Amino acid sequence: MMRVDAKDMGADLKQVLITKEEIDARLAELAEKIDAEYEGKDLLIVGVLKGAVMVMADLARALSTPVTMDWMAVSSYGAGTQSSGVVRILKDLDTDIKGKHVLVVEDIIDSGLTLSWLISNLGSREPASLKVCTLLRKPEAAKVDIDVEWVGFDIPNEFVVGYGLDYAEKYRNLPFVGTLAPHVYGG
Ligand code: XMP
Ligand code: MG
């Protein structure tokens, strides 16, 4: 099988941070815990576009719990790469979540501002429960405290790409998570 690795990326990628195998293994662990939490319940998993596409697809298939899936797309106002915390809904959920058990699936929590806004927005729709699973989290970048039930990996405060995550819409289809070489983003 053809595999993409850091070398194939040329000079764009600095290093592979988390391999596909590590992601698969961790998602299997998380799925077991999530299955236990929602046993006998109807679960709606909500993916945050576009970054969470890969983790949604793989986590959903690792779960034994039957789920329904919905998607939301949000964008942080403000210039640059820093999250402002002021969020605009680009695509809302198709479903009414009132009375439902909702699990938000995220690719990454950086400052936490986007997710914190999302949680209060979704919370106001009166779901039966509202929890969060994220593949990645940057503890050093946190600006707000958020209760996140399931975290795949805590990572250093560096810009990462791959497995759904992009830089200028590129690199989303890499099967692993890697760090970008500074020259790519003008460092
Ligand atoms: P905040 O700071 O609000 O950011 O937690 C959340 C959103 O910003 C994006 N983001 C990243 N995207 N590599 C990326 O490709 C990163 O290192 C990174 N950090 C934050 C992402 O969309 C996330 O949902
Ligand atoms: Mg995102």
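Predicted model: local features only at pLDDT ≥ 70, side-chain atom pairs only at ≥ 80, totals over all residues.
Colleague: In the open sheet of 6 strands, which strands stand at the edges?

Modeller: The 6 strands of this open sheet follow one another in the order β4-β3-β2-β5-β6-β7, and their pairing is mixed. A strand at the edge has a single partner strand, so one side of it is left without a neighbour in the sheet. The strands in that position are β4 (87-91) and β7 (150-154).

Colleague: Why do the buried residues of α1 line one face of the helix?

Modeller: The buried residues of α1 include I23, L27, L30, A31 and I34, while the face turned away from the buried side carries the exposed residues E21, A25, E29, K33 and A36. An α-helix has 3.6 residues a turn, so residues three or four places apart point the same way. Seen down the axis of α1, the buried residues line one face because they fall within an arc of 115 degrees.

Colleague: What covers that buried side of α1?

Modeller: Helix α1 (residues 20-37) packs on the sheet and touches β6 and β7, with its direction at about 160 degrees to that of β7. The elements that cover its buried residues include β1, α2 (53-62), β6 and β7.

Colleague: Which residues is L59 in contact with, leaving aside its neighbours within four places in sequence?

Modeller: L59 belongs to the largest nonpolar core, which has 43 residues, and is listed with L103, V104, V105 and C133 as touching the most other members. The largest share of this core, 6 residues, comes from strand β5 (residues 101-109). With the sequence neighbours left aside, the contacts of L59 are L27, L30, A31, V105 and C133.

Colleague: In the open sheet of 3 strands, what is the order, and which residue of β9 stands opposite V160?

Modeller: The pairing in this sheet is antiparallel and the order is β1-β9-β8, with 2 bridges joining β8 to β9 (residues 177-180). The residue of β9 that stands opposite V160 is T179.

Note on methods: Residues numbered from 1 in each chain as written. Chains lettered and ligands numbered in written order. Pairing = 2+ DSSP bridges. Helix = DSSP H or I, 4+ residues; strand = E, 2+ residues; numbered from the N terminus. Core = buried A, V, L, I, M, F, W, Y, C linked by C-beta atoms within 7 Å. Buried ≥ 20, exposed ≤ 12 C-beta atoms within 10 Å, placed from the backbone. Contact = placed C-beta atoms within 7 Å. Axes fitted to C-alpha atoms, helices over the stretch in contact; angles between N-to-C directions. Arc of directions from axis to C-beta.
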